[in-house]
Amino acid sequence: MSGTSSPGPAPDALELAALLCSRVCHDLISPVGAIVNGLEVLDDNPKPEDREFALDLIRKSAKTASARLQFCRLAFGAAGSAGAQIDLGDAQNMARGHLEDAKTKITWNLPRVLLPKNRVKLLLNMMVIAQQTIPRGGMLTVDPIGEVEAIGFRVAAAGLNARMPQSIADLLSSGHASAVDAHAVQPYYTRLLAEACGLKVVLAPEGDAVVVTAS
């Protein structure tokens with residue numbers, strides 16, 4: 001008997017919704033859990049230094065949870081009515097709040113224009129994928145492809161030991177079918193967004209960087 005398993009069917013709408021909800025919950029569990037832990041320390045009548053540590057943990061975790069919620073609302077949520085447009089300046093603020101930290105910085109070279117929401121959702125999801133290729137941090141550089149009327153995107157990730165996950169590249173390819181679980185749903189959803197925009201999204205190495213393009 002062969003060691004390879006046949007790919008599962010693509011998720012239907014109900015399964016896709018459930019998988020995306022699992023993904024969002026996964027992003028929020030860590031900071032919300034840290035807030036709960038900090039409150040438990042405060043409940044135990046701690047020493048002044050422990051109290052300050054707990055308050056600092058709660059402040060940082062609440063800020064992280066808020067940034068992740070705002071980002072997920074735009075990247076995965078309905079974000080306005082059908083046909084709504086989203087300001088790329090707002091998308092930049094959400095991306096910086098969620099993806100920038102002490103290790104990872106963003107260079108944003110896009111114009112501040114209104115774009116259809118699916119195109120903006122596609123961009124944010126491309127940035128999530130690009131960040132995953134630089135686990136030790138680095139620079140995400142976001143550039144436009146083409147004119148504003150039919151704009152595409154290029155997100156280059158450069159950092160120490162940048163890596164190209166073949167599993168993600170396969171999920172982005174429309175010719176590749178594989179089972180989609182909660183770990184794989186985000187790149188699969190990115191592919192669906194690209195298809196809805198009439199674009200093709202590709203992940204590929206480029207020198208020392210890894211680049212996600214939608215064109």
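This is a predicted model: local features need pLDDT of at least 70, side-chain atom pairs count only at pLDDT 80 or more; totals for chains, interfaces and linings use all residues.
Trainee: How many helices and strands does the protein chain have?

Mentor: Helices (H or I, at least four residues) and strands (E, at least two) are DSSP runs, numbered from the N terminus. The protein chain has six helices and seven strands, in the order α-α-β-α-β-β-α-β-β-α-α-β-β.

Trainee: What describes two packed helices?

Mentor: The angle between their axes and the distance between the axes describe them. Axes are lines fitted to C-alpha atoms, for helices over the stretch in contact, and angles run from 0 to 180 degrees between N-to-C directions. Here, α3 (residues 88-99) and α4 (residues 117-132) pack at about 25°, their axes 11 Å apart. That makes α3 roughly parallel to α4; angles under 35 degrees count as roughly parallel, over 145 as roughly antiparallel, 65 to 115 as roughly perpendicular and the rest as oblique.

Trainee: Which residues make the contact of α3 with α4?

Mentor: Contact means heavy atoms within 4.5 Å. From α3 come Leu 88, Ala 91, Ala 95 and Leu 99, and from α4 come Val 120, Leu 123, Leu 124, Met 127, Val 128 and Gln 131. By class there are nine nonpolar, one polar and no charged residues, where Ala, Val, Leu, Ile, Met, Phe, Trp, Tyr, Cys and Pro count as nonpolar, Asp, Glu, Lys and Arg as charged, and the others, Gly among them, as polar.

Trainee: How do the axes of α2 and α3 cross?

Mentor: The axes of α2 and α3 come within 8 Å and cross at roughly 135°; α2 and α3 are therefore oblique to each other. Ala 67, Arg 68, Gln 70, Phe 71 and Leu 74 of α2 meet Ala 91, Met 94, Ala 95, Gly 97, His 98 and Leu 99 of α3. This contact has seven nonpolar, three polar and one charged residues.

Trainee: How much space lies in the largest pocket, and which residues are closest to its centre?

Mentor: On a 1 Å grid over the protein atoms alone, a pocket is an open set of points where a 1.4 Å probe fits, with protein on both sides within 12 Å along at least five of seven lines; lining residues have an atom within 4 Å of a point. Grid points are joined across faces, edges and corners, and a volume is the space filled by probe spheres set on the points. The largest pocket holds about 730 Å³. Of its 26 lining residues, Arg 23, Asp 27, Arg 68, His 98 and Gln 131 are the closest to its centre. The lining has eight nonpolar, 11 polar and seven charged residues.

Key:
Residues are numbered from 1 along each chain as its sequence is written. Side-chain values use heavy atoms; hydrogens and water are left out.
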